[in-house]
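Cut-offs are given where a term first comes up.

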Protein chains: 2
Amino acid sequence: MSDTPKSFAERFAALRAERGPFCLNLDPTPGLLADWDLKDDIWGLRRFCDRVIDSADRQLAVIKPQSAYFERFGAAGFEVLADIIGSIHALGSLALLDGKRGDIGSTNSGYADGLLGPDSAMGADGLTVHAYLGFAALGPILERAQKLGCGIFPVVLSSNPEGRALQGARLPGGETVAQGLADEITTHNRSVAGDGVGPVGAVVGVTAPEAPSIVERLPSSLILAPGLGTQGGTFDDVATRLGSARQRVIPCAGRSVLSAGPDGDALARAIGEHCEAARKALT
Amino acid sequence: MSDTPKSFAERFAALRAERGPFCLNLDPTPGLLADWDLKDDIWGLRRFCDRVIDSADRQLAVIKPQSAYFERFGAAGFEVLADIIGSIHALGSLALLDGKRGDIGSTNSGYADGLLGPDSAMGADGLTVHAYLGFAALGPILERAQKLGCGIFPVVLSSNPEGRALQGARLPGGETVAQGLADEITTHNRSVAGDGVGPVGAVVGVTAPEAPSIVERLPSSLILAPGLGTQGGTFDDVATRLGSARQRVIPCAGRSVLSAGPDGDALARAIGEHCEAARKALT
């Protein structure tokens, strides 16, 4: 077992004990660049990310860069993204890439090759994915992630109202699409991780009405929980609504924290306060 | 109206009249690189793509690069992708990026900024997307695409068996997820394009059992139809099964064509034969 890398879940659990479970969304939006008096160009992007990294220091368990805001700048943006993932690792934090990739079969191997694990170009520890083509179609990316000790986070239930109809549609057995996906994730995790926390997590919006019941169907998953801060949820909501997964929730927020910048000290304090609040609410 | 760019659908219709409707999947898989005696590195990737471009010449209406096989090489791969999209344009073909992106709200603007239209870093004319977060959540990317004359292709119905349960789940009104998505696309296209073909197409797998009925719900969409060649479908299948959309189908294949390489003449012939067969079957 000595050359099996530690799993994403094991690494998160260790960081959680030390730093609390909070995940900072690294979302260099055009609006935030403007608020920070940075130009909307590749240098503004790099400076924004460097400042966040400086203020984050070793406070955070997880940092989640949003791929779209790097892809805005094409190859140069992808280069900044790879550099920043290196900086995230230098802080001892996990880099969870929010790229919502997802295709069939061998195409997913392509994404895994490029984005996941220390030998890839991007080097991320985790990746968000879409399962519209069926959870089983993600097979190659799941296998690769497990081998590399990475985490895969399919979107299961989102808090935006536009997603409700599709995610609440009924499968032949009567369960919803989100429930069916949760069950497939759990079956998969049990098959590869037994009673432990498996390599497949789930994105579950905190404020989605069905969030508490979905999380109960995901007993062996890390739960990536957006919907905090500017999206309306609080850490107490997370604790109340997703309580059955309390040890496994990764609550995340971006704008409500990043708006404390550009002042480095103020941003560092805002990050620290969020880490502390998440730890208090969830441990 | 003079500064409104021509729509993806108008540009496709003109190319179709001249070249036929065939779309070549530009899938530089590790397997194909090996078959072509190319190294699995950035130089092999570039050489592979350059050879395809040379053989394609001005034969093709559409070329569809698969983002995953470029992302394998990180920022350097993204740079090759942007260069190749430039080469595709130099051939007068449309570049449809198969990236299956998709998120909520402003994040989608990030993808549009980076990937779509002549002023973006990537410069693609079209993009495949996922709608698991709800079709309406794609709003910003749809608006941008329309303004830029680009095409957006949500995956509606796939031919892989793993996708059937989710895509066939029932919405409250009794229609399936795929049907509901098709109806939303049609409503959107009618609202922005009247009786014409709108900016939102659809990915519909040729061999999916429900393909014929789904296509009937998409009267104002281009239909991107994978599932040909090594995936089992033929151009006659496309004509028979998707006949109601005959003028609007973009049939695509990759491996069954690319396996004619690395010899440039053989590849050029295979591309020409596919263009001719698609034209015969669909006009």
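Does A:Asp57 count as buried, exposed or partly exposed, and how many C-beta neighbours does it have inside 10 Å? A:Asp57 counts as partly exposed because it has 13 C-beta neighbours inside 10 Å. The scale behind this takes C-beta atoms placed from the backbone: a residue is buried if 20 or more others lie within 10 Å of its own, exposed if 12 or fewer, and partly exposed in between. This is a predicted model, in which local features need pLDDT of at least 70 and side-chain atom pairs count only at pLDDT 80 or more, while totals for chains, interfaces and linings use all residues. Residues are numbered from 1 along each chain as its sequence is written, and chains are lettered from A and ligands numbered from 1 in the order in which they are written.

A:Asp57 also has a positive phi of about 45°, although it is not a glycine. Most residues other than glycine have a negative phi, and most peptide bonds are trans. A:Asp57 sits in the loop between helix 3 (42–56) and strand 2 of chain A; helices (H or I, at least four residues) and strands (E, at least two) are DSSP runs, numbered from the N terminus. A:Lys100, likewise not a glycine, has a positive phi of about 40°, but its place is in strand 3 of chain A. With 27 C-beta neighbours inside 10 Å, A:Lys100 counts as buried. The peptide bond that joins A:Gly261 and A:Pro262 is cis, with omega about 10°, and A:Pro262 is found in the loop between helix 12 (255–258) and helix 13 (264–282) of chain A. In chain B, a cis peptide bond joins B:Gly261 and B:Pro262, again with omega about 10°.

Strand 2 (residues 62–65) of chain A is covered on both faces: A:Val62 and A:Lys64 on one side, and A:Ile63 and A:Pro65 on the other, are all buried. In a regular strand the side chains alternate between the two faces of the sheet. Strand 2 of chain A runs parallel to strand 1 (residues 23–26) of chain A, joined by four bridges; two strands pair if DSSP finds at least two bridges between them. Across that pairing, A:Leu24 stands opposite A:Ile63. Two bridges join strand 2 of chain A to strand 3 (residues 94–101) of chain A, also parallel, and here A:Val62 stands opposite A:Leu94.

In chain B, eight strands close into a barrel in the order 1-2-3-4-5-6-7-8, with parallel pairing. Neighbouring strands of this sheet are turned by 30° against each other on average, direction ignored. The axes are lines fitted to C-alpha atoms, for helices over the stretch in contact, and angles run from 0 to 180 degrees between N-to-C directions. Strand 6 (residues 202–204) and strand 7 (residues 223–225) of chain B pair over two bridges, and B:Ala202 has B:Ile223 as its bridge partner. B:Ile223 is among the residues with the most contacts inside the largest nonpolar core, which has 198 residues. Such a core is a set of buried Ala, Val, Leu, Ile, Met, Phe, Trp, Tyr and Cys residues joined through C-beta atoms within 7 Å.

Helix 7 (residues 139–148) of chain A has A:Ile141, A:Leu142, A:Arg144, A:Ala145 and A:Gln146 buried. These pack against helix 6 (105–115), strand 4 (126–129), strand 5 (151–157) and helix 9 (177–193) of chain A, where contact means C-beta atoms, placed from the backbone, within 7 Å. The axes of helix 6 and helix 7 of chain A come within 7 Å and cross at roughly 35°.

The contact of the two chains takes 45 residues from chain B and 45 residues from chain A. Helix 6 of chain B gives the most to the side of chain B that touches chain A, with seven residues. A rotation of 180° with 0.0 Å of shift along its axis superposes chain B on chain A (RMSD 0.0 Å), which is the relation of a two-fold axis. The superposition is by least squares on the C-alpha atoms of residues with pLDDT of at least 70 in both copies. The copies meet through the same surface, because 100% of the interface residues of chain B are also interface residues in chain A.
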